Amino acid sequence: MSTKKNNASNSETEFADLPGRKIAYRSIGSGDPIILVNRFRGTIDTWDPLFLDQLAEKHRVITFDYSGIGYSTGKLPTDVTEVAKDIKDLAGFLKIQKTALIGWSYGGLVTQAATLLFPELVTQTVLLGTGPPGKRIVPLEQAFLDVALKPINDFEDEIVLFFEPLSQDSKIQAKASHDRIHKRLDVSKIPSTMDVFQLYFQGGDGMSEDKNNFKEQLKAIKTPILVISGDHDISFAIENWYPLTRELPTTQFIVLPQTGHAPHHQHVDLVTDYIKSFLEKTKQP
């Protein structure tokens with residue numbers, strides 16, 4: 001297991017040998033750990049490396065691929081609570097007893113499950129471009145459905161999926177983030193078939209049904225939570241949180257203007273400052 005300090009551009013891909021699968025992960029920086037939990041079709045290659053490097057200025061930043069996704073072996077479970085076990089098992093392999101989590105999109109659903117299931121592990125939670133458990137008030141936009149299921153997405157698709165096409169500044173930031181990511185992107189590792197997409201969808205549907213009553217559990221949670229969203233997220237509209245805003249005792253909300261599904265890729269400096277400040281101010285002694 002490597003302990004050398006590095007950055008997102010040269011970090012080594014390592015493997016946690018776990019029951020039934022090998023989980024691919026990368027680790028950079030030092031300090032209190034943060035485990036990042038990825039979006040639909042995301043791999044360890046698809047995080048913006050500038051975002052990772054800025055987080056790693058004060059933290060150990062760990063990215064990983066779900067079972068059966070990207071560089072990992074096994075199969076992605078259809079139950080988000082089972083997917084959340086990847087987080088717990090990886091933390092155990094790395095001998096991490098306490099960690100913050102950052103979950104993006106589908107990974108935000110997994111992160112909420114992990115936060116509620118493993119309160120002894122998770123110290124703080126950051127949710128990026130995601131929604132709460134339960135039925136959506138504002139559904140997915142057609143633009144997402146038109147683009148997200150293509151076997152391979154080009155740059156124009158990325159603008160639609162993750163940024164705000166009506167904002168020139170957003171499109172400029174989209175190109176900058178795209179170029180950073182593509183310096184170390186193996187497109188062949190990105191899930192591209194409907195069979196795999198359905199595994200994600202079943203997990204998302206299960207969170208919408210909320211048979212585990214996670215929404216009510218969030219109302220009694222003690223873990224500090226930070227939600228950061230764009231004001232025009234075609235996948236997880238921020239409006240889905242609004243009915244809960246007076247019922248969640250530990251959840252803070254930040255909504256960024258003219259911003260889409262990837263606020264942390266469009267506003268790297270701002271979002272990392274928000275996250276680092278949140279983690280510092282809510283850290284328990």
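At what angle do helix 5 (residues 155–162) and helix 6 (residues 168–181) pack, and how far apart are their axes?

## Helices 5 and 6

They pack at about 120°, with the axes 10 Å apart; axes here are lines fitted to C-alpha atoms over the stretch in contact, and angles run from 0 to 180 degrees between N-to-C directions. Helix 5 and helix 6 are therefore oblique to each other (under 35 degrees is roughly parallel, over 145 roughly antiparallel, 65 to 115 roughly perpendicular, the rest oblique).

On the helix 5 side, Phe155, Glu158 and Ile159 make the contact, and they meet Lys171, Ala174, Lys175 and His178 of helix 6 (contact means heavy atoms within 4.5 Å).

## About the model

This is a predicted model, where local features need pLDDT of at least 70, side-chain atom pairs need 80 or more, and totals for chains, interfaces and linings use all residues. Residues are numbered from 1 along each chain as its sequence is written, and side-chain values use heavy atoms, with hydrogens and water left out. Helices are DSSP runs (H or I, at least four residues), as are strands (E, at least two), numbered from the N terminus.

## Helix 3

Helix 3 (residues 106–117) is mostly covered, with 11 of its 12 residues buried (under 20% relative accessible area, 1.4 Å probe, protein chains only). Among the buried ones are Tyr106, Leu109, Gln112 and Leu116. The buried residues pack against several elements, including helix 2, strand 5 (99–104) and helix 7 (194–209).

## Helix 2

Helix 2 (residues 80–93) buries Val80, Thr81, Val83, Ala84, Asp86, Ile87, Leu90 and Ala91. Just after helix 2 comes lysine 95, with a positive phi of about 60°.

Technical notes
Buried < 20%, exposed > 50% of the residue type's maximum accessible area, 1.4 Å probe, protein only.
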